[in-house]
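Me: I'd like to go through this model with you and ask what stands behind the words we use for it. Could you set each value against its definition as we go?

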Amino acid sequence: MPYPKPSRRSWAEPFKIKVVEPLKTTTHEHRVKAIKEAGYNTFLLRSGDVYIDLLTDSGTNAMSDYQWAGMMLGDEAYAGSKNFYHLESSMQKYYGYKYLVPTHQGRGAEHIISQILIKPGDYIPGNMYFTTTREHQELAGGTFVDVIIDEAHDSESNHPFKGNVDLQKLEDLIKKVGPKKIPYASVAATVNMAGGQPISIGNIKAVRKMTEKHGIKIILDATRAVENAYFIKTREKGYEKKSIEAILKELCSFTDGCTMSGKKDLLVNIGGFLAVNDKDVFDEARNMVVVFEGLHTYGGLAGRDLEAMARGMEEMVEETYIRSRIGQVEYLGQKLIDWEIPIVRPIGGHAVFLDAKKIYSHIQQDQFPAQTLAAEIYLDSGVRTMERGIVSAGRDSKTGENRHPKLELVRVTIPRRVYTQAHMDVTAESILEVYENRKKVKGMRMIYEPKHLRFFQAKFART
Ligand code: P61
């Protein structure tokens, strides 16, 4: 044959593009000025100064024509909007929980559930911290305890379910502090800070078995649970033939409720919710939401936003969609692996995570290797990424000391249905360029540090 036979197993996006938003390239000089003004923090860049924006997959999704059509059907009643009831029945159908409390986004739900369930002095075990989740647990007087398996902290481990809870660590904590001091286990699917790594059904089942006998609840962070369901389908024995929809529901069935940032899996730009099975918890949450978010049938959102989320739920479980979504992340990750650039393995669900500790092995963690790497990638090409290392980890809430996470990463996050394979090529090429010049780069020092979630607004200068 004169040419290699193409693979018949390629995936393609199950959509075509109807509306486009122009992208602007900038000069190197422009970027030097922009990132300096932003204090070398990619969160502080103006999006107009960014070429390909891979800061986050949160609220950066492209909605479908079906979702946009739904926006026109927004029922903007203050109370009892019909879109709320649509969202409620969709949540019950796809996630399986009984009660729904809408919130403006994920952290609104985290705030409410933390205030209801956590008493000062409590401990909350979880499969690795997430910034906003832990912040709300601490604000409620709790202490987060990491009980994820050790492999999750090792960027090279190829464990297929690096999001799994280490049952021994969980049991040790229960023994040490007693079950009365543990209101719930905080379990995420997939685990963002570990590199978008999934938890298996086998593991969540085992966690359920252990916590149930002590009366400890499980609250799922379902933000990217659909992506987790895809990994279960492709990696866990016995799930190959099950639908994403069935796996998602099964995953949720081992938990008592969830917090949800709709800005990810639900393919929208804003929105979230809290869902629970316990009527008393629901009553309390429904009462609290009116203080912090808005009436219990809109939770800080417009009717049209609720409708877009409900419609997003129908689309998120389509197999062709989720395959292409994860396929695109894999495409970028595999390119970097082929070029021997150190990334977190296996490739995650929503992002490729660069191992800044390995790339800048000459820069001490206190000089912010990942922060530096994100700035260098921006300088090279205008591609925006995010630090996920010592800056994100923040300070210990009791001692005030800097935490030193094992993982010092840069997240290259792929928005859903937004960029093409060519954008992934350009991104990979820029990362390669920065990688090749790694020896020339020096670290940074922090010149401004805000008190809460410092990574969002901290400023840096070159050393
Ligand atoms: C993100 F740098 N994620 O990944 P909200 N749980 C999980 C999330 O990923 C999540 C929330 C809860 C964001 C936005 C973001 O340190 C950061 O709707 C697993 O953003 O309130 C959000 O949901 C909170 C970026 C949040 C960060 C915190 O890009």
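Me: Why is Phe368 called buried?

Reply: Happy to start there. Buried means under 20% relative accessible area, exposed means over 50%, and partly exposed is in between, with a 1.4 Å probe and protein chains only. Phe368 has 7% relative accessibility, so Phe368 counts as buried. Keep in mind that this is a predicted model, where local features need pLDDT of at least 70, side-chain atom pairs count only at pLDDT 80 or more, and totals for chains, interfaces and linings use all residues. Residues are numbered from 1 along each chain as its sequence is written, and side-chain values use heavy atoms, with hydrogens and water left out.

Me: Where is Phe368, and what stands out in its backbone?

Reply: Phe368 is in the loop between helix 13 (356–359) and helix 14 (369–381). Helices here are DSSP runs of H or I with at least four residues, strands are runs of E with at least two, and both are numbered from the N terminus. The phi of Phe368 is positive, about 60°, although Phe368 is not a glycine.

Me: What makes Met128 buried or exposed?

Reply: Its relative accessible area is 8%, so Met128 is buried. Met128 belongs to the loop between strand 2 and helix 5, and its phi is near 75°, a positive value in a residue other than glycine.

Me: How do you know that the side chains of Lys398 and Thr143 make a polar contact?

Reply: A polar contact is a pair of N or O atoms within 3.5 Å; within protein, one must be able to donate a hydrogen and the other to accept it, and residues adjacent in sequence count only if both atoms are side-chain atoms. The side chains of Lys398 and Thr143 are joined by such a contact at 2.8 Å.

Me: What makes Met313 buried or exposed?

Reply: Met313 has 0% relative accessibility, so Met313 counts as buried. Met313 lies in helix 11 (residues 303–316), and its C-alpha atom is 9.6 Å from that of Tyr95, 218 residues apart along the chain.

Me: Which peptide bonds are cis?

Reply: One joins Ala189 to Thr190, with omega near -20°. Thr190 is in the loop between strand 4 (184–188) and helix 7 (201–212). Another joins Arg345 and Pro346, where omega is about -15°, and Pro346 is in the loop between helix 12 (319–338) and strand 8 (351–355).

Me: Now the ligand: how many residues surround it, and which are the closest?

Reply: The ligand is surrounded by 22 residues, and the closest are Thr56, Arg107, Thr131, Asp221 and Ser261. A residue is near a molecule if one of its heavy atoms lies within 4 Å of it. Helix 4 gives the largest share of the shell, 3 residues.

Me: Which side chains have polar atoms by the nitrogen and oxygen atoms of the ligand?

Reply: Asp221 places a polar side-chain atom 2.6 Å from a ligand nitrogen. An N or O atom in the side chain of Lys264 is 2.9 Å from a nitrogen atom of the ligand, and one in the side chain of Arg411 is 2.7 Å from a ligand oxygen.
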